[in-house]
Amino acid sequence: MSNCSFLQQSGKVTVKSTDNGGQDEKMDTSNNAGGTGGNADELLDKNLYSRQIYTLGESAMVNLRTASVLISGLGSVGVEIAKNLVLGGVRHVTIHDTKLAKWTDLSAQYYLREADVGHNRATACYERLAELNDSVNVEVSTADLTEDFVKNFDLVVLTDATRTQQLQVSSWTRSHNRRILIADARGVFSYIFNDFGDNFRIDDATGEQVREFFIEHIDRTTGEVTTLENLFHGLEDGDHVTFSEVKGLDGINGCEPIKITVKNASKFNIGEFAASFPDYIEGGRCRQVKVPISVTHTPFKKSLEEPEFGIWDYAKFEYPAQLHALWTALYAFEEKNGRSPAPRSAEDVALLKSFIPAGTEEIPEKLIELFSYSAAGNLVTVSSVVGGIAAQEAMKGVTHHMTPLKQWLHLDHVEALPGDWTSFDNTKLSETDCQPRQSRYDGQAAVFGWPYQECLFRQRWFVVGAGAIGCELLKNLAMMGVACGEGGLIKITDMDQIEISNLNRQFLFRRKDVGGKKSECAARAVTSFNSDVRIEALAERVGVDTEHIFNDDFFGELNGVANALDNVDARRYMDRRCVYYRLPLLESGTMGTKGNTQVVYPYLTESYSSSSDPPEKEIPVCTLKNFPNEIQHTIQWAREQFETFFAQPGEMANKFLSDERAFNDHINKLISGQQIDILQKVKDALIDGRPSSAEECIHWARNQFQELYHNAIAQMLHSFPPDQLTDSGAKFWSGAKRCPHVLNFDPSKEEHFNFVYAASILRAEMYGVKPILDREEVIRIALSINPEPFEPRSGVKIAVTDAEAKEQNERGGSSGLGLDDDTAIESLKLKLATLNVQATNKLNCLDFEKDDDSNHHMEFITAASNLRAENYDILPADRMKTKQIAGKIIPAIATTTAAVAGLVCVELYKVVDANGVPKTPVERFKNTFLNLSMPFFSSAEPILAPKKKYMDKEFTLWDRIDIQGPLTLKEFIDEVQKQTGGCEMSMLSAGQCLLFSFFMNGAKKEERLKTEVRAVYEELLKKKLHESVRAIVLEPMMTDPNDEDVEVPYIRYAF
């Protein structure tokens, strides 16, 4: 156990953290409610919790870091909730259980081992839970729950408890104004119940970023507000807003939040709030304000009789009430008989039916049967889903952040049960097929049967990515028994290394693993859950350049692929691979509390690449360069300055030093302005600006401050004075254009100093010079520099539109020497030619790394951004927000990851068969979207692969034309035209290589038609194909006999 101590006393084991690890930053928690007495000295490790802070916000995280939660019942659901809350940073977590571990627990409770059977579940797994997060205090209780004990906690989570216990504990929490969450899972069924009491405060109902936008006009008489240029405001009825920078309407700036009603996408109404104010003149910004609301929950006992349901599956609108009655019947059955209904027992189905409450509307016999058969089951997949959702609900209960469930959520996954399209038809299972064998797989075999379980042992799957979803997938696969027998294998690849920020949700990693390969550490860790699992770790990126590793043999032995990737390009690549090899692909992703899953199934569904999200809205170039109006603009600008100063010069200079001839050959292909720009930068980097000492690095940094924040702004104001008018007579500095002002260097101001300090260190690092780290010395040197007074330059063209800015970028610079372009280029080349390349050291190109606080990267970008924000009177951002935007960090939290990974593995149940890929009907699959903040859940069957047609032949993206080589190009074309029913080929390509076209030179075409296809391709590639390549993909362009273009399947040409 890491950094923990424990003692046992009267059935209670206490685990106390002795080291909070990492870099802590103090936060004021004195005004945060929902905690257990936090104060201004409460510590929050922003490195560890960064992605979660981006999801919840700092105030919610502070509440979490002062909260106390009791989790009773350390079965499969309890341990999942506990894992997520410990990872999430709940300050005090007490795990409680009076039950002893059984074999069925081992199917889904991943912190229990075979040796723990017969021992208390909480004591058996507390050490493994405690080591997840050494800044969380974990305590263990094994005594019976009492009212005096329960009342000490902000929230009680009750799992794997009888109905009598649920009623008792919920009455205690109500009487002491505490919150309770009840959850349970049996087989493919589960549920969650919340009771957060009366008038529970919600500080932020959605967890979404607040909206902010410019104002075009405010009509004080009607209260109507119009956004600038009719941009989408994104508000809803009942939202609250406040205003700033409005001219006129004295009293509206900084007003208390105003409740609005929406008129349309660009207009909303503030009522009579401004009716008595002076008239509106111009300008202004509007900002959404999150105003706390409250909800009242019904006590558990009353809610049992008058339940209010959330919807899990809108296609089963009647299920919640039916499942609610069946759960009541199940608890009555178990308390009466001391056991759960036996799998496949018709007698127990009838007995369960007798316990259904009187007055319940008729429940289909099939559902009663499925529920009874499933009641003895214990599935890690279902526990992962319900445990992830429940843990997020628990966080809501202690943070007052996001909207809690009101109040019941009944989940089911009956579609996971195999039908007659497989060898494991669930309806044909007997009691014998599902009998326990004192095996860790008893809980899953109770639902699916042993023949199915043994097929899982032989499965071979490829998991791509070992991040948060990858870790959860591995855990689920190992506990399911995937690849846990002869012939089975899980392969996982991830080229990334473990960082501190990963530990908050990638739960297979510990602090000792930081710096190690994710895939290797994950593979080692998951074997502790199930030593049977057979797993092979790789550390390679999937892509064209590694197809000699991930080749035909590699994919040929797989049953399927599960993506756990964090970028679209890699997802699309793996999607193409799975379509090519005709393998099931289970796709998923998360962003904060939002998550989604997608099934890509051979010959049935569309692929991942069949649809795409709209592209992200780009910031106009002229806005970035000259007219920022939001902090995002200055952060992006600062990020580009980092590349301009510390990455690009080194890259260009090193290319010159490595191969001067190749460098000049490349330069000569560019337009003259770009040639001058690059040559000037290389000359500056290697000759004019090369520092010989750390002092010169400080001089350079101080001069950059002067140029960026004084001179450039002064030049802007020279070109466009504050009172500038446009040709139409309108004010130039109006609307989204903010009139800037110059900055004068003042090292007593934090960001002024930080810019020079960080920039000088990075400059020194780039040139291999030992930097000056003494802050007083840096200030002394910086103040010794007296920049020359600013003199406006004539003829400077400042881009006002995006088109002008892009044209300037493409055109490049000028020599500034008064020379024509050709003369300037030759002059620059001559000066570079005098450099002794052999004796000149290469530069260190700095790769931006956002998560290393010791490298000064974020220090520079934060200072650079906030200084530019100061120029333009934009509210600055702290380092956390700057890091998120500059690093394009996706918010993440363990709860969503657990739920999504569970849903993925539920889909995996549906693609297993003894004879390869089953013909599972499309309606059995579920593509799911969830947003745990609302909470909202939506699932639908995958979209079918679109059918296309040529020459009366139908095909989908899963079809192709297979042609066996070797063939000459002419023979190949003839064969394709034969197989397509007489269509004529006009062009043939492979990637970017054009093998054949109708407009090809006659002699060249004749020669190529005689050449073998592989040889033609290799000639165009200018290299031989790797020996592992057995086929290539070719894309033809065809015309039918009527000379109309037709689309035909792609061609697989095998060697």
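What volume does the largest cavity have? In this predicted model, for which local features require pLDDT of at least 70, side-chain atom pairs count only at pLDDT 80 or more, and totals for chains, interfaces and linings use all residues, the largest cavity has a volume of about 130 Å³. Residues are numbered from 1 along each chain as its sequence is written, and side-chain values use heavy atoms, with hydrogens and water left out.

A cavity is a set of points, on a 1 Å grid over the protein atoms alone, where a 1.4 Å probe fits but cannot get out, and its volume is the space filled by probe spheres set on points joined across faces, edges and corners. The structure holds five cavities of 30 Å³ or more. The largest cavity is lined by 14 residues (those with an atom within 4 Å of a point), of which W312, H413, L903, K926 and T928 lie nearest its centre.

The domain assignment, automatic or taken from a database, gives domain 1 (44–201), domain 2 (212–289), domain 3 (629–873) and domain 4 (949–1054). The centres of domain 2 and domain 3, taken over C-alpha atoms, are separated by 39 Å, and their contact (heavy atoms within 4.5 Å) takes five residues from domain 2 and seven residues from domain 3. Between them these two domains bury about 500 Å² (accessible area, 1.4 Å probe, lost on being put together and summed over both), of which 43% is on carbon and sulfur atoms; F214, E282 and R285 supply 63% of the area that domain 2 buries against domain 3.

Two salt bridges (a side-chain nitrogen of Lys or Arg within 4 Å of a carboxyl oxygen of Asp or Glu) are found across this interface.

Definitions and conventions. 1 Å grid on protein atoms, 1.4 Å probe; cavity = no way out; pocket = protein on both sides within 12 Å on 5 of 7 lines; lining within 4 Å.
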